[in-house]
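Here is a short briefing to read alongside the sequence and the model. Take a look at the structure first, and then we can walk through its pocket and its salt bridges together.

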Amino acid sequence: MDDSGSTVPRRQLGRYLRELRENAYVTVSAAAKELEWSAPRIWRYETGQVPMHPNDVEAMCRVYGATRETIETMRALARETKAHGWWHSYGSAIKDWFKLYVGLEAAATRIRHYEVNLVPGLLQTVDYMTEVIATDHPQLSEAERRAKVEVRLHRQRLLARAIPRAPHLEVVLDEAVLRRRCATGGDGAPARGAARRRATAQRRPPGAAAERRGVPLGAGGHLHGAGVPDRRAGAGADHHLYGRALRGGLP
């Protein structure tokens, strides 16, 4: 089974249902009694262990006092758990091994990045990502490079979404990232612009948060760059680590 096409969306839906229940101050046992279900059944739904029928999702939402708009959104998510994620439509533009990460990223509530080489893909401008992709994949055609740019732009949409809530983004950049010259020359301005414009100008919904910090060159050595989608789905939740270098983990 493709984990990025089924398990991740189920976990995402389960997290949203848990948030609805907790925001309504409804306990698992109280919800189970109202729905005439067992408590373990609700737990399996909230942790994404099993698929959910849209009608069951609506029943839970009604118990939690959700709005009609929220109910329809949750029903739609339930239907999507039986389908592949958006990233599958890009074919070879995303390597199979990277699809799992994109799925986890889409389901994350918190994403943490520490980078010593590049501005993270979620903060890159079109000009910056175009140059990075051309440098990392010189053998690709113009159409193939453009497809990779489109994938990265699609990934960035999660920072501006309102439903479900956008993840909290934490980014720590080594000073070298902002000073590194691009392949076409320059003084590092494209990198600084990518980090600054995406971090400050990106329109984010109410409640969404982003943090951007820098590590000066004089601070000494640090852990190599990594992105961590953090689902924070309760006790025992998995934490997924992904590391990359210039010629490696790029979609």
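**Pocket and salt bridges at a glance**

Helix α6 gives the most to the lining of the largest pocket, with five residues. Please keep in mind that this is a predicted model. Across the whole structure, a search finds 11 salt bridges.

**The largest pocket**

- The volume of the largest pocket is about 440 Å³.
- Its lining comprises 24 residues, and Gln12, Glu80, Trp86, Ala106 and Arg161 lie nearest the centre.
- Two or more lining residues come from each of α1 (7–23), α5 (68–80), α6 (96–107) and α8 (142–156).
- Sorted by class, the lining has 13 nonpolar, six polar and five charged residues.

**Helix α8**

- With 15 residues, α8 reaches 21 Å from its first C-alpha to its last, close to the 21 Å expected at 1.5 Å a residue.
- Buried residues in α8 include Lys148, Arg152, His154 and Arg155.

- Glutamate 19 pairs with arginine 15 in a salt bridge, with the closest N and O atoms 3.5 Å apart; the two residues lie four apart in α1, about one turn of the helix.
- Arginine 15 counts as buried because its relative accessibility is 4%, whereas glutamate 19, at 22%, counts as partly exposed.
- Arginine 18 forms a salt bridge with glutamate 22, the closest N and O atoms being 3.3 Å apart.

- Arginine 62 and glutamate 58 form a salt bridge whose closest N and O atoms are 2.7 Å apart.
- Salt bridges link Glu58, Arg62, Arg68, Glu72 and Arg75 in a network.

Key
Residues numbered from 1 in each chain as written. Predicted model: local features only at pLDDT ≥ 70, side-chain atom pairs only at ≥ 80, totals over all residues. Heavy atoms only, no water. 1 Å grid on protein atoms, 1.4 Å probe; cavity = no way out; pocket = protein on both sides within 12 Å on 5 of 7 lines; lining within 4 Å. Points joined across faces, edges and corners; volume = space filled by probe spheres on them. Nonpolar A, V, L, I, M, F, W, Y, C, P; charged D, E, K, R; others polar. Expected span 1.5 Å × (residues − 1). Buried < 20%, exposed > 50% of the residue type's maximum accessible area, 1.4 Å probe, protein only. Salt bridge = Lys/Arg side-chain N within 4 Å of Asp/Glu carboxyl O.
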